[in-house]
Protein chains: 2
Amino acid sequence: MPKGSHLGDLEELVLLAVRRLGEEADGGRVREQLSEHAERSVSVSTVYVTLMRLEEKGYARSWKGEPSGTRGGKAKRHYALTPEGVDALERVRAVRERMWDRDGAHATHG
Amino acid sequence: MPKGSHLGDLEELVLLAVRRLGEEADGGRVREQLSEHAERSVSVSTVYVTLMRLEEKGYARSWKGEPSGTRGGKAKRHYALTPEGVDALERVRAVRERMWDRDGAHATHG
DNA sequence: GTGGATTTTGATTTTGTCGTAATAATCAAT
DNA sequence: ATTGATTATTACGACAAAATCAAAATCCAC
């Protein structure tokens, strides 16, 4: 477990959001995905901070886009997964699947 | 998102471990599950602290067992999921499934 | 320069982490 | 059967990392 390679729960969700957005990922869109599809409504800053951390960890890369031309159309920073990011996502997924698998009859549920 | 209801990534794994252990969950077994099936080797104390936090959050309940009779066989504290814990687990699972679903063709992968 | 969108900064709370101390039980003498 | 060593389990105290947001800083068009 090398330092700085762990995926927090929000980091994972953000990575997932970037993934499904393809090359169209940016702060705003990621936040939208989170609140619309992941039951996680966080502030804008939370998203950015997480995105930066993900980039530092090597799970995402980013580049600067073009100004949009509209009023207040500052150039957005775009994000995409790195191969390492994809791997990390697949690893945690495999772990969870393993942990869920096998009977499951124990659940205390109505 | 009510306060103190979030599931951290380790908390989720611990909950999953308790779940698959049924009524036989205790600190040592949970730790074992984590390292054997979840690629997460943490210290004993980490497991206990997490278990306590989970109980405070209402996702797990615990009771004291009997001494084991063997050398050093102090009575263990046993854990099991509460219905809330099961729900929490199912909710995060559903979210992740939704986030993975649909095409997935964007992955930058070799 | 104003006004609107996006990103960064600073500060705080929650989670994750471990070393070590405290408990509790058995075993081996005495 | 008390005392001390040995082992397993749990609690405590400190600190690092992740999550979180409000507010400040940027950048762009008008």
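This is a predicted model: local features need pLDDT of at least 70, side-chain atom pairs count only at pLDDT 80 or more; totals for chains, interfaces and linings use all residues.
1. A definition to start with: two strands are said to pair if DSSP finds at least two bridges between them. With that in hand, look at chain B, where strand β2 (residues 60–64) and β3(B) pair in the antiparallel sense over five bridges.

2. Put together, the strands of chain B form an open sheet of three, in the order β1-β3-β2, with antiparallel pairing. β1 and β2 of chain B stand at the edges with a single partner strand each, so one side of each is left without a neighbour in the sheet.

3. What lies across the sheet of chain B? α3(B) lies across β2 and β3 of chain B, and its run makes about 115° with β2(B).

4. How do α1(B) and α3(B) cross? Their axes come within 10 Å and cross at roughly 85°, which makes α1(B) roughly perpendicular to α3(B). From α1(B), the contact uses L10(B), E11(B), V14(B) and L15(B); from α3(B), it uses V47(B), T50(B), L51(B), R53(B) and L54(B). By class, the contact between these helices has six nonpolar, one polar and two charged residues.

5. Now to chain A, with its four helices and three strands. Along the sequence they follow the pattern α-β-α-α-β-β-α. The C-alpha atoms of chain A fill a box of roughly 55 × 35 × 20 Å, taken along the principal axes.

6. The sheet of chain A is an open one of three strands, ordered β1-β3-β2, with antiparallel pairing. Its edge strands are β1 (25–26) and β2 (60–64) of chain A, each of which pairs on one side only. β1(A) is joined by two bridges to strand β3 (residues 77–81) of chain A, and the two run antiparallel. Within this pairing, D26(A) stands opposite H78(A) in β3(A). Two helices deserve a look here. α1(A) packs on the sheet and touches β1, β2 and β3 of chain A, its direction making about 95° with that of β3(A). α3(A) also packs on the sheet, touching β2 and β3 of chain A, and its direction makes about 115° with that of β2(A).

7. Next, where the protein chains meet. 25 residues of chain B are in contact with 26 residues of chain A. On the chain B side, the elements that give two or more residues are α1, β3 (77–81) and α4 (83–100) of chain B. α4(B) gives the most, with six residues. This side of chain B divides into twelve nonpolar, seven polar and six charged residues.

8. Which residues are closest to DNA strand D? Of the 35 residues that surround DNA strand D, the closest are G8(A), S45(A), G27(B), G72(B) and R77(B). Two or more residues of this surface come from each of α1 (9–21) and α3 (44–56) of chain A, and α2 (27–37) and α3 (44–56) of chain B. The largest share, five residues, comes from α3(B). By class, the surface near DNA strand D has nine nonpolar, 16 polar and ten charged residues.

9. DNA strand C has 35 residues around it, of which G27(A), Y48(A), G72(A), G8(B) and S45(B) come nearest. At least two residues of the surface near DNA strand C are supplied by each of α2 (27–37) and α3 of chain A and α1 (9–21) and α3 of chain B. α3(A) gives the most, with five residues. The classes for the surface near DNA strand C are nine nonpolar, 16 polar and ten charged.

10. Finally, a word on confidence. The mean pLDDT of chain A is 90, and 90% of its residues reach 70 or more. Residues 104–110 of chain A call for some care when reading: pLDDT stays under 50 over this stretch, for which the model has twelve contacts beyond four places in sequence.

Methods. Residues are numbered from 1 along each chain as its sequence is written. Chains are lettered from A and ligands numbered from 1 in the order in which they are written. A residue is near a molecule or strand if its C-beta atom, placed from the backbone, lies within 6 Å of it. Ala, Val, Leu, Ile, Met, Phe, Trp, Tyr, Cys and Pro count as nonpolar, Asp, Glu, Lys and Arg as charged, and the others, Gly among them, as polar. Two residues are in contact if their C-beta atoms, placed from the backbone, lie within 7 Å. pLDDT is the predictor's confidence in each residue, from 0 to 100. Axes are lines fitted to C-alpha atoms, for helices over the stretch in contact, and angles run from 0 to 180 degrees between N-to-C directions. Angles under 35 degrees count as roughly parallel, over 145 as roughly antiparallel, 65 to 115 as roughly perpendicular and the rest as oblique.
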